[in-house]
Amino acid sequence: MINKKNILLTGATGFLGKYLLKLFLLDKGINVVYLLIRGSNQETSIARAQKVLKTISCASSLREKKVIVVSGDISKKKLGLTGSEYGELCKKINSIYHSAALTGFSIDSKMAKMANVFGTKNLLDFCSDCLNLSKFNYIGTAFIAGNKVGSFSEDDFDCGQKFNNHYEQSKFEAESIVRKNFKNEKFFISIFRPSIILGDFCTGGTTNFKMFYEPLYLFSKGIFNSVPANVRCSQNIVPVDLVAKGIFLLAESEKKNAVYHVVNPTNVRAGDFVDLAARFFGYTNPEFIPIEKFNMKELTPVQYKLIQPFLSYFNYKATFLSDKTQKALKDYKFEYPKIDNDYYLRLFNYCANVGFIKKVK
(Lines give C-alpha, C1' and ligand atoms only; values in the text may rest on other atoms or scores of the structure.)
Protein backbone atom coordinates (compact mmCIF):
# COMPACT_ATOMS: atom_id res chain seq x y z
CA MET A 1 0.00 0.00 0.00
CA ILE A 2 1.29 3.44 -0.94
CA ASN A 3 1.50 5.79 2.06
CA LYS A 4 3.41 8.63 0.44
CA LYS A 5 3.15 10.00 -3.05
CA ASN A 6 5.69 9.62 -5.82
CA ILE A 7 5.60 12.65 -8.09
CA LEU A 8 6.82 13.05 -11.67
CA LEU A 9 7.84 16.61 -12.53
CA THR A 10 8.65 17.85 -16.01
CA GLY A 11 10.32 21.22 -16.49
CA ALA A 12 12.31 21.12 -13.24
CA THR A 13 15.12 23.09 -14.88
CA GLY A 14 12.71 25.88 -15.83
CA PHE A 15 11.88 29.04 -13.89
CA LEU A 16 8.59 27.85 -12.35
CA GLY A 17 9.64 24.20 -12.16
CA LYS A 18 12.45 24.99 -9.74
CA TYR A 19 10.01 26.60 -7.30
CA LEU A 20 7.62 23.65 -7.55
CA LEU A 21 10.51 21.28 -6.88
CA LYS A 22 11.41 23.13 -3.69
CA LEU A 23 7.85 22.75 -2.40
CA PHE A 24 7.92 19.03 -3.18
CA LEU A 25 11.17 18.55 -1.29
CA LEU A 26 9.79 20.22 1.80
CA ASP A 27 6.49 18.32 1.82
CA LYS A 28 6.48 15.35 4.20
CA GLY A 29 3.69 13.65 2.29
CA ILE A 30 5.86 13.20 -0.78
CA ASN A 31 8.11 10.17 -0.95
CA VAL A 32 10.16 10.59 -4.14
CA VAL A 33 10.22 13.27 -6.82
CA TYR A 34 11.11 11.88 -10.23
CA LEU A 35 12.55 14.57 -12.49
CA LEU A 36 12.13 13.91 -16.20
CA ILE A 37 15.01 15.88 -17.68
CA ARG A 38 16.18 15.98 -21.26
CA GLY A 39 19.83 15.15 -21.84
CA SER A 40 22.12 13.25 -24.19
CA ASN A 41 22.55 10.63 -21.45
CA GLN A 42 21.83 9.99 -17.77
CA GLU A 43 24.95 11.84 -16.63
CA THR A 44 23.99 14.97 -18.57
CA SER A 45 20.47 14.94 -17.13
CA ILE A 46 21.80 14.44 -13.60
CA ALA A 47 24.22 17.35 -14.06
CA ARG A 48 21.33 19.60 -15.12
CA ALA A 49 19.33 18.50 -12.07
CA GLN A 50 22.23 19.10 -9.71
CA LYS A 51 22.61 22.62 -11.05
CA VAL A 52 18.99 23.31 -10.09
CA LEU A 53 19.26 21.62 -6.69
CA LYS A 54 22.23 23.80 -5.74
CA THR A 55 19.95 26.82 -5.90
CA ILE A 56 17.37 25.28 -3.55
CA SER A 57 17.95 25.79 0.15
CA CYS A 58 17.19 22.26 1.40
CA ALA A 59 19.54 19.84 3.15
CA SER A 60 21.59 17.79 0.68
CA SER A 61 20.60 14.56 2.44
CA LEU A 62 16.95 15.45 1.87
CA ARG A 63 17.60 16.00 -1.80
CA GLU A 64 19.38 12.69 -2.20
CA LYS A 65 16.56 10.75 -0.54
CA LYS A 66 13.74 12.45 -2.40
CA VAL A 67 15.02 13.05 -5.95
CA ILE A 68 15.52 10.57 -8.77
CA VAL A 69 16.54 11.85 -12.19
CA VAL A 70 15.06 10.20 -15.27
CA SER A 71 16.78 11.06 -18.55
CA GLY A 72 14.01 11.35 -21.13
CA ASP A 73 12.28 13.57 -23.64
CA ILE A 74 8.59 14.47 -23.56
CA SER A 75 8.56 15.11 -27.31
CA LYS A 76 9.28 11.41 -27.94
CA LYS A 77 6.97 8.41 -27.68
CA LYS A 78 7.21 6.62 -24.33
CA LEU A 79 9.02 9.78 -23.15
CA GLY A 80 12.18 8.58 -24.85
CA LEU A 81 12.62 5.80 -22.28
CA THR A 82 13.44 2.12 -22.75
CA GLY A 83 10.63 -0.36 -22.32
CA SER A 84 11.78 -1.42 -18.86
CA GLU A 85 12.35 2.18 -17.69
CA TYR A 86 8.91 3.20 -18.92
CA GLY A 87 7.23 0.21 -17.31
CA GLU A 88 8.87 0.79 -13.93
CA LEU A 89 7.90 4.46 -13.96
CA CYS A 90 4.30 3.56 -14.78
CA LYS A 91 4.16 1.50 -11.58
CA LYS A 92 5.62 4.15 -9.29
CA ILE A 93 4.03 7.50 -10.18
CA ASN A 94 0.98 8.74 -8.27
CA SER A 95 0.89 12.37 -9.39
CA ILE A 96 2.26 14.32 -12.37
CA TYR A 97 3.11 18.01 -12.69
CA HIS A 98 3.67 18.89 -16.33
CA SER A 99 5.53 22.20 -16.26
CA ALA A 100 7.86 21.70 -19.23
CA ALA A 101 7.18 23.92 -22.23
CA LEU A 102 8.99 25.73 -24.98
CA THR A 103 8.38 29.42 -24.32
CA GLY A 104 9.11 32.61 -26.22
CA PHE A 105 7.20 34.84 -28.59
CA SER A 106 9.42 34.15 -31.58
CA ILE A 107 9.64 30.37 -31.42
CA ASP A 108 9.25 28.31 -34.56
CA SER A 109 5.86 26.68 -35.18
CA LYS A 110 7.28 23.18 -35.61
CA MET A 111 9.38 23.38 -32.44
CA ALA A 112 6.45 24.77 -30.44
CA LYS A 113 4.21 21.94 -31.62
CA MET A 114 6.79 19.25 -30.88
CA ALA A 115 7.47 20.41 -27.31
CA ASN A 116 4.15 21.86 -26.20
CA VAL A 117 1.55 19.84 -28.10
CA PHE A 118 3.15 16.46 -28.77
CA GLY A 119 4.96 16.64 -25.43
CA THR A 120 1.66 17.03 -23.61
CA LYS A 121 0.05 14.23 -25.64
CA ASN A 122 2.93 11.91 -24.77
CA LEU A 123 2.52 12.74 -21.06
CA LEU A 124 -1.19 11.94 -21.27
CA ASP A 125 -0.40 8.63 -22.96
CA PHE A 126 1.90 7.92 -20.03
CA CYS A 127 -0.93 8.82 -17.65
CA SER A 128 -3.14 6.20 -19.28
CA ASP A 129 -0.42 3.59 -18.76
CA CYS A 130 0.17 4.44 -15.08
CA LEU A 131 -1.18 1.92 -12.60
CA ASN A 132 -1.55 4.15 -9.51
CA LEU A 133 -2.01 7.66 -10.92
CA SER A 134 -4.49 9.90 -9.10
CA LYS A 135 -3.76 13.36 -10.55
CA PHE A 136 -2.40 15.06 -13.68
CA ASN A 137 -1.53 18.73 -13.20
CA TYR A 138 -1.00 20.66 -16.42
CA ILE A 139 0.69 24.08 -16.36
CA GLY A 140 -0.72 26.10 -19.23
CA THR A 141 -1.03 29.85 -19.68
CA ALA A 142 -3.78 32.46 -19.44
CA PHE A 143 -2.51 33.84 -22.74
CA ILE A 144 -4.43 31.21 -24.68
CA ALA A 145 -6.95 34.08 -24.61
CA GLY A 146 -5.03 35.33 -27.65
CA ASN A 147 -6.57 38.44 -29.15
CA LYS A 148 -9.88 38.14 -27.29
CA VAL A 149 -11.33 41.47 -26.19
CA GLY A 150 -12.81 41.64 -22.69
CA SER A 151 -12.95 39.19 -19.82
CA PHE A 152 -11.52 35.68 -19.98
CA SER A 153 -12.37 33.41 -17.05
CA GLU A 154 -11.60 29.88 -15.93
CA ASP A 155 -14.72 28.74 -17.79
CA ASP A 156 -13.59 30.26 -21.09
CA PHE A 157 -11.53 28.37 -23.63
CA ASP A 158 -12.40 28.48 -27.32
CA CYS A 159 -13.88 31.92 -27.92
CA GLY A 160 -13.00 32.12 -31.59
CA GLN A 161 -9.81 33.97 -30.66
CA LYS A 162 -6.78 34.23 -32.91
CA PHE A 163 -3.28 33.92 -31.53
CA ASN A 164 -0.42 36.39 -31.41
CA ASN A 165 2.36 33.83 -31.83
CA HIS A 166 3.14 30.12 -32.07
CA TYR A 167 3.60 29.87 -28.30
CA GLU A 168 -0.01 30.89 -27.60
CA GLN A 169 -1.33 28.65 -30.38
CA SER A 170 0.63 25.60 -29.21
CA LYS A 171 -0.45 26.05 -25.60
CA PHE A 172 -4.08 26.34 -26.73
CA GLU A 173 -3.74 23.11 -28.72
CA ALA A 174 -2.05 21.41 -25.77
CA GLU A 175 -4.82 22.43 -23.37
CA SER A 176 -7.38 21.19 -25.88
CA ILE A 177 -5.78 17.74 -25.70
CA VAL A 178 -5.78 17.86 -21.89
CA ARG A 179 -9.44 18.88 -21.76
CA LYS A 180 -10.44 15.88 -23.89
CA ASN A 181 -9.21 13.68 -21.04
CA PHE A 182 -11.57 15.20 -18.46
CA LYS A 183 -13.94 12.29 -18.99
CA ASN A 184 -11.40 9.64 -18.03
CA GLU A 185 -12.23 7.72 -14.87
CA LYS A 186 -8.69 6.84 -13.79
CA PHE A 187 -7.36 10.19 -12.56
CA PHE A 188 -8.30 13.83 -11.94
CA ILE A 189 -6.97 16.70 -14.06
CA SER A 190 -6.15 20.24 -13.01
CA ILE A 191 -5.29 22.89 -15.58
CA PHE A 192 -3.39 25.90 -14.27
CA ARG A 193 -3.18 29.11 -16.29
CA PRO A 194 -0.64 31.61 -14.92
CA SER A 195 -0.39 35.13 -16.31
CA ILE A 196 2.92 37.05 -16.60
CA ILE A 197 5.32 35.31 -14.23
CA LEU A 198 7.99 37.64 -12.85
CA GLY A 199 10.60 37.42 -10.09
CA ASP A 200 10.39 36.16 -6.51
CA PHE A 201 8.04 38.20 -4.32
CA CYS A 202 10.54 38.71 -1.49
CA THR A 203 13.78 39.08 -3.42
CA GLY A 204 12.75 40.04 -6.95
CA GLY A 205 15.09 37.30 -8.14
CA THR A 206 14.64 35.65 -11.52
CA THR A 207 16.45 33.42 -13.98
CA ASN A 208 14.03 34.22 -16.79
CA PHE A 209 14.46 37.72 -18.23
CA LYS A 210 11.54 37.51 -20.65
CA MET A 211 8.17 39.25 -21.11
CA PHE A 212 8.37 42.65 -19.42
CA TYR A 213 12.08 42.40 -18.79
CA GLU A 214 13.09 42.45 -22.45
CA PRO A 215 11.13 45.57 -23.46
CA LEU A 216 12.48 47.43 -20.41
CA TYR A 217 15.99 46.50 -21.52
CA LEU A 218 15.28 47.83 -25.02
CA PHE A 219 13.80 51.08 -23.64
CA SER A 220 16.84 51.56 -21.40
CA LYS A 221 19.10 51.49 -24.47
CA GLY A 222 17.32 54.47 -26.05
CA ILE A 223 16.70 52.53 -29.28
CA PHE A 224 13.22 53.97 -29.87
CA ASN A 225 11.80 57.48 -30.13
CA SER A 226 8.28 56.09 -30.10
CA VAL A 227 6.68 52.68 -29.63
CA PRO A 228 3.22 51.31 -30.57
CA ALA A 229 2.02 50.70 -27.03
CA ASN A 230 -1.10 51.64 -25.10
CA VAL A 231 -0.05 52.77 -21.61
CA ARG A 232 -3.64 52.32 -20.41
CA CYS A 233 -3.82 48.61 -21.23
CA SER A 234 -3.94 46.26 -18.25
CA GLN A 235 -1.22 43.76 -17.45
CA ASN A 236 -1.46 40.91 -14.99
CA ILE A 237 1.75 40.24 -13.10
CA VAL A 238 2.31 37.50 -10.52
CA PRO A 239 5.52 36.49 -8.66
CA VAL A 240 6.93 33.06 -9.49
CA ASP A 241 7.00 31.80 -5.89
CA LEU A 242 3.33 32.68 -5.39
CA VAL A 243 2.39 30.95 -8.65
CA ALA A 244 4.15 27.81 -7.41
CA LYS A 245 2.44 27.98 -4.01
CA GLY A 246 -0.99 28.47 -5.55
CA ILE A 247 -0.52 25.59 -7.98
CA PHE A 248 0.85 23.23 -5.36
CA LEU A 249 -1.89 24.00 -2.85
CA LEU A 250 -4.72 23.50 -5.32
CA ALA A 251 -3.10 20.49 -6.99
CA GLU A 252 -2.67 18.66 -3.69
CA SER A 253 -6.01 19.69 -2.17
CA GLU A 254 -8.61 19.69 -4.95
CA LYS A 255 -9.95 16.29 -5.94
CA LYS A 256 -11.81 17.14 -9.13
CA ASN A 257 -11.32 18.17 -12.75
CA ALA A 258 -10.93 21.94 -12.89
CA VAL A 259 -9.30 24.94 -14.53
CA TYR A 260 -7.59 27.60 -12.40
CA HIS A 261 -6.37 31.09 -13.24
CA VAL A 262 -3.21 31.53 -11.18
CA VAL A 263 -3.13 35.28 -11.64
CA ASN A 264 -2.98 38.50 -9.68
CA PRO A 265 -6.47 39.50 -8.42
CA THR A 266 -5.66 43.08 -9.51
CA ASN A 267 -4.10 44.32 -12.73
CA VAL A 268 -1.45 46.98 -13.30
CA ARG A 269 -1.49 49.66 -15.98
CA ALA A 270 1.37 49.08 -18.40
CA GLY A 271 2.24 52.78 -18.26
CA ASP A 272 2.63 52.78 -14.48
CA PHE A 273 5.05 49.85 -14.64
CA VAL A 274 7.27 51.22 -17.43
CA ASP A 275 7.26 54.73 -15.91
CA LEU A 276 8.42 53.38 -12.55
CA ALA A 277 11.15 51.39 -14.31
CA ALA A 278 12.39 54.46 -16.16
CA ARG A 279 12.57 56.48 -12.94
CA PHE A 280 14.38 53.68 -11.12
CA PHE A 281 17.03 53.10 -13.80
CA GLY A 282 17.27 56.74 -14.83
CA TYR A 283 16.48 56.48 -18.53
CA THR A 284 13.84 58.23 -20.63
CA ASN A 285 11.03 56.14 -22.05
CA PRO A 286 10.06 56.47 -25.71
CA GLU A 287 6.70 58.02 -26.53
CA PHE A 288 3.96 55.41 -26.23
CA ILE A 289 1.24 55.53 -28.90
CA PRO A 290 -1.62 52.99 -29.19
CA ILE A 291 -0.97 50.64 -32.08
CA GLU A 292 -4.09 51.68 -34.02
CA LYS A 293 -2.77 55.27 -34.11
CA PHE A 294 0.86 54.41 -34.74
CA ASN A 295 2.58 54.81 -38.11
CA MET A 296 4.72 51.69 -38.44
CA LYS A 297 6.86 53.46 -41.05
CA GLU A 298 8.42 55.38 -38.17
CA LEU A 299 10.21 52.19 -37.14
CA THR A 300 13.29 50.95 -38.95
CA PRO A 301 13.33 47.26 -39.94
CA VAL A 302 15.68 46.57 -37.01
CA GLN A 303 13.49 48.45 -34.54
CA TYR A 304 10.39 46.61 -35.75
CA LYS A 305 12.07 43.23 -35.42
CA LEU A 306 13.11 44.02 -31.85
CA ILE A 307 9.73 45.28 -30.64
CA GLN A 308 7.36 43.15 -32.76
CA PRO A 309 7.15 40.15 -30.35
CA PHE A 310 5.82 42.45 -27.59
CA LEU A 311 3.38 44.63 -29.56
CA SER A 312 0.28 42.54 -28.85
CA TYR A 313 1.03 42.55 -25.10
CA PHE A 314 1.52 46.29 -24.93
CA ASN A 315 -1.87 46.63 -26.60
CA TYR A 316 -3.57 43.74 -24.81
CA LYS A 317 -7.36 43.78 -24.60
CA ALA A 318 -8.20 40.68 -22.56
CA THR A 319 -8.71 40.72 -18.79
CA PHE A 320 -8.14 37.53 -16.82
CA LEU A 321 -10.87 36.76 -14.30
CA SER A 322 -10.04 34.45 -11.41
CA ASP A 323 -13.02 34.55 -9.04
CA LYS A 324 -13.32 30.75 -8.79
CA THR A 325 -9.60 30.30 -8.24
CA GLN A 326 -9.35 33.04 -5.62
CA LYS A 327 -12.31 31.53 -3.74
CA ALA A 328 -10.70 28.08 -3.80
CA LEU A 329 -7.41 29.49 -2.50
CA LYS A 330 -9.18 31.35 0.32
CA ASP A 331 -10.83 28.09 1.36
CA TYR A 332 -7.30 26.83 2.03
CA LYS A 333 -6.27 30.04 3.85
CA PHE A 334 -4.14 31.36 1.00
CA GLU A 335 -4.39 34.86 -0.41
CA TYR A 336 -2.03 36.69 -2.71
CA PRO A 337 -0.27 39.59 -0.97
CA LYS A 338 -0.62 43.05 -2.43
CA ILE A 339 1.45 43.52 -5.56
CA ASP A 340 2.59 47.13 -5.39
CA ASN A 341 5.48 49.46 -6.25
CA ASP A 342 7.63 47.96 -3.51
CA TYR A 343 7.52 44.62 -5.32
CA TYR A 344 8.29 46.22 -8.67
CA LEU A 345 11.26 48.01 -7.13
CA ARG A 346 12.57 44.67 -5.85
CA LEU A 347 12.34 43.36 -9.41
CA PHE A 348 14.21 46.36 -10.78
CA ASN A 349 16.81 46.26 -8.04
CA TYR A 350 17.57 42.62 -8.86
CA CYS A 351 17.92 43.48 -12.55
CA ALA A 352 20.38 46.22 -11.63
CA ASN A 353 22.36 44.02 -9.24
CA VAL A 354 22.93 41.30 -11.84
CA GLY A 355 23.64 43.83 -14.55
CA PHE A 356 20.69 43.03 -16.81
CA ILE A 357 19.70 46.70 -16.89
CA LYS A 358 22.24 49.23 -15.69
CA LYS A 359 21.31 52.35 -13.80
CA VAL A 360 22.14 55.62 -15.51
CA LYS A 361 24.68 57.47 -13.38
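## Salt bridges, cores and a buried loop residue

E175 counts as buried, at 0% relative accessibility. This is a predicted model.

**Salt bridges**

The whole structure holds 11 salt bridges. E175 takes part in one with R193, and their closest N and O atoms are 2.6 Å apart. R193 is buried too, with a relative accessible area of 0%. The pair links distant parts of the chain: R193 sits in strand β7 (residues 188-194), E175 in helix α6, 18 residues apart. Salt bridges with shared partners join E175, R179 and R193 into one network.

D155 and K324 also form a pair. D155 lies in the loop between β6 and α6, while K324 belongs to helix α11 (residues 323-331). They are 169 residues apart, so this bridge links distant parts of the chain. D155 is exposed, with a relative accessible area of 52%. K324 is partly exposed, at 49%.

K327 counts as exposed, at 54% relative accessibility.

| Salt bridge | N to O distance |
|---|---|
| R193 and E175 | 2.6 Å |
| D155 and K324 | 2.8 Å |
| K327 and D331 | 3.7 Å |

**Nonpolar cores**

In soluble globular proteins, nonpolar side chains tend to be buried together. Here the largest nonpolar core has 95 residues. F219, F273, Y344 and F348 have the most contacts inside this core. Beyond its neighbours within four places in sequence, Y344 is in contact with I237, V268, F273, L276 and I339. A second, separate core has 28 residues, among them I96, C127, F136 and F187.

**Helix α4**

Helix α4 covers residues 83-92, and its buried residues are Y86, L89 and C90. These residues lie on the same side of α4, because they cover an arc of only 105° around the axis. What do they pack against? The partners are β1 (5-10), β2 (30-37), β3 (67-71) and α5 (109-129).

**Cysteines without a bond**

A search of the whole structure finds zero disulfides. C90 is in none, and its nearest cysteine sulfur is that of C130, 4.8 Å away. A disulfide needs the two sulfur atoms within 2.5 Å. Both cysteines are buried: C90 has a relative accessible area of 5%, and C130 is at 2%.

N165 lies in the loop between β6 (150-152) and α6 (166-179). Is N165 buried or exposed? It counts as buried, at 10% relative accessibility. The N165 side chain reaches the backbone nitrogen of Y167 at 3.3 Å. Apart from neighbours within four places in sequence, N165 is in contact with F105 and Y313.

F105 belongs to another loop, the one between β4 (95-98) and α5. F105 and N165 are 60 residues apart in sequence, yet 5.9 Å apart in space, C-alpha to C-alpha. Leaving aside neighbours within four places in sequence, F105 is in contact with N165, Y167, M211, P309, F310 and Y313.

Notes. Residues are numbered from 1 along each chain as its sequence is written. This is a predicted model: local features need pLDDT of at least 70, side-chain atom pairs count only at pLDDT 80 or more; totals for chains, interfaces and linings use all residues. Side-chain values use heavy atoms; hydrogens and water are left out. A nonpolar core is a set of buried Ala, Val, Leu, Ile, Met, Phe, Trp, Tyr and Cys residues joined through side-chain atoms within 4.5 Å. Buried means under 20% relative accessible area, exposed over 50%, partly exposed in between (1.4 Å probe, protein chains only). Contact means heavy atoms within 4.5 Å. Helices (H or I, at least four residues) and strands (E, at least two) are DSSP runs, numbered from the N terminus. The arc is that of the directions from the helix axis to the C-beta atoms. A polar contact is a pair of N or O atoms within 3.5 Å; within protein, one must be able to donate a hydrogen and the other to accept it, and residues adjacent in sequence count only if both atoms are side-chain atoms. A salt bridge is a side-chain nitrogen of Lys or Arg within 4 Å of a carboxyl oxygen of Asp or Glu.
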